[in-house]
Amino acid sequence: MPETGPGPGHEARSPSMEIVARLVGFGHALRDEGLPVGSDDVVMFCSGVAELTPSDLTDIYWSGRATLVHRREHLPVFDEVFRRYFIGLPAPRSPESEPHEPVTPRLSGTLNVPDSEPGTHAGDDRPMVLGLQASGVEIQRDKRFAECTPDELAMLRRIMTRIGLEPPRRRTRRRKPDPSGSRLDIRRMAREAMRISHTAPDLRHLSRSLKPRPLVLICDVSGSMADYSRNLLQFAYSMRRAARKVEVFCFGTRLTRITPTLDRRSPDDALKLAAGRVLDWDGGTQIGKSLDTFVHKWGRKGLSRGATVVICSDGLDRGDPAVLADAMERLSRLCHRIIWMNPLVGDDIDVPPSTLAMLVASPFIDTLESGHDLASLESFAKKLPHLG
């Protein structure tokens with residue numbers, strides 16, 4: 001009698017394959033609940049469990065939590081699916097807990113914001129889902145950052161990421177064809193005359209080509225600038241993303257270069273890294289000493305040569321005015337233009353603040369701008385290409 005056994009396609013799976021299939025099924029269960037779990041996450045999850053004890057639910061739980069959960073608000077969904085999938089028990093719920101809404105991968109954040117027209121949705125306190133539905137809030141672009149609530153500041157920073165930024169440009173020695181140029185392209189006209197010979201060539205014109213001018217932002221992060229420093233750094237992050245020839249520095253009592261930390265896709269991650277590198281955040285202010293450090297360590301090496309330097313500070317300095325005057329005088333000779341952005345100026349730019357540091361620095365300032373609200377930053381972004 002011939003031996004009987006499993007036919008083709010019915011091979012018995014080994015215990016390791018059963019475990020892998022079980023873990024992959026858990027990833028599919030999380031994905032069905034709306035969690036953004038990718039194939040790479042599942043592979044990393046299986047690799048982590050293989051290094052531990054696959055029969056221990058504690059090891060499986062912490063491996064999954066470390067590899068499959070990317071946001072803190074996803075933890076309740078993960079715990080509920082884990083209990084249901086591996087233990088067969090529903091997640092415990094308190095009587096006052098609200099039903100959980102599934103999380104979708106397209107969510108970019110939630111923010112509790114009241115409607116701009118009260119009374120249209122009375123009693124509806126559900127969070128507004130950014131990116132999936134429009135906000136009913138009227139953005140006050142002329143409201144000072146110091147007067148905004150944390151939720152309003154978070155929304156304003158999201159708007160800053162969408163501001164169209166263009167660095168200042170300078171004319172180079174190279175010329176390019178331009179019908180409205182002021183100089184005749186004699187060489188091109190001569191070549192056309194030699195080629196066609198029987199007719200006169202058309203007039204060809206040239207103009208100077210434009211090249212992005214280097215931009216240096218020096219931001220004050222001392223205690224007096226606490227209401228404005230993060231928003232100005234958000235603006236600096238957007239400028240860094242728009243152009244590569246942008247250098248960003250922070251100073252309180254010392255100068256710190258944070259340009260490498262801003263090369264991150266997430267602005268929150270970039271600002272967290274920048275805050276970790278700056279040791280004197282929310283401390284004292286030494287404007288003259290910090291600018292003198294920039295001139296000696298960076299400016300003389302060519303970083304400020306032909307650059308537009310933007311200093312973001314309120315001018316409340318505790319340093320020596322003579323040091324500030326000397327640093328500003330040297331910086332003005334190295335760079336192309338100095339722009340001072342002072343949040344205390346407000347809407348009346350023609351009346352600069354009467355602080356000692358501003359009085360000392362004013363002879364070397366080419367342009368005075370404000371940065372106290374979103375409208376002033378948008379206006380500065382429109383004027384920046386022409387200021388350089």
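## Cores and helix packing in a predicted model

Let's start inside: the largest nonpolar core has 39 residues, and Leu217, Leu233, Val248 and Phe380 touch the most other members. A nonpolar core here is a set of buried Ala, Val, Leu, Ile, Met, Phe, Trp, Tyr and Cys residues joined through side-chain atoms within 4.5 Å; buried is under 20% relative accessible area, exposed over 50% and partly exposed in between, with a 1.4 Å probe and protein chains only. Among the elements that each supply at least two residues of this core are helix H5 (150-160), strand E6 (215-220), helix H7 (229-242), strand E7 (246-251) and helix H12 (374-387). Helices (H or I, at least four residues) and strands (E, at least two) are DSSP runs, numbered from the N terminus. A second, separate core of 26 residues includes Val216, Ala307, Ile311 and Ala361.

This is a predicted model, with pLDDT of at least 70 needed for local features and 80 or more for side-chain atom pairs, while totals for chains, interfaces and linings use all residues. Residues are numbered from 1 along each chain as its sequence is written, and side-chain values use heavy atoms, with hydrogens and water left out.

Back to Leu217: setting aside neighbours within four places in sequence, its contacts (heavy atoms within 4.5 Å) are Ala236, Met239, Val246, Glu247, Val248, Phe249 and Val310.

Now for two helix pairs. Axes are lines fitted to C-alpha atoms, for helices over the stretch in contact, and angles run from 0 to 180 degrees between N-to-C directions.

| Pair | Axes come within | Crossing angle |
|---|---|---|
| H1 (residues 15-32) and H2 (residues 39-51) | 10 Å | roughly 140° |
| H7 and H12 | 12 Å | roughly 30° |

H7 is therefore roughly parallel to H12, whereas H1 and H2 are oblique to each other. The cut-offs are under 35 degrees for roughly parallel, over 145 for roughly antiparallel, 65 to 115 for roughly perpendicular, and oblique for the rest.

On the H7 side, Leu232, Phe235 and Met239 make the contact, with Leu377, Phe380, Ala381 and Leu384 from H12. In the H1 and H2 pair, Leu23, Val24, Phe26, Gly27 and Arg31 of H1 meet Ser39, Val42, Phe45, Cys46 and Val49 of H2.

Leaving aside neighbours within four places in sequence, Asn231 touches Phe145, Leu153, Arg157 and Met160.
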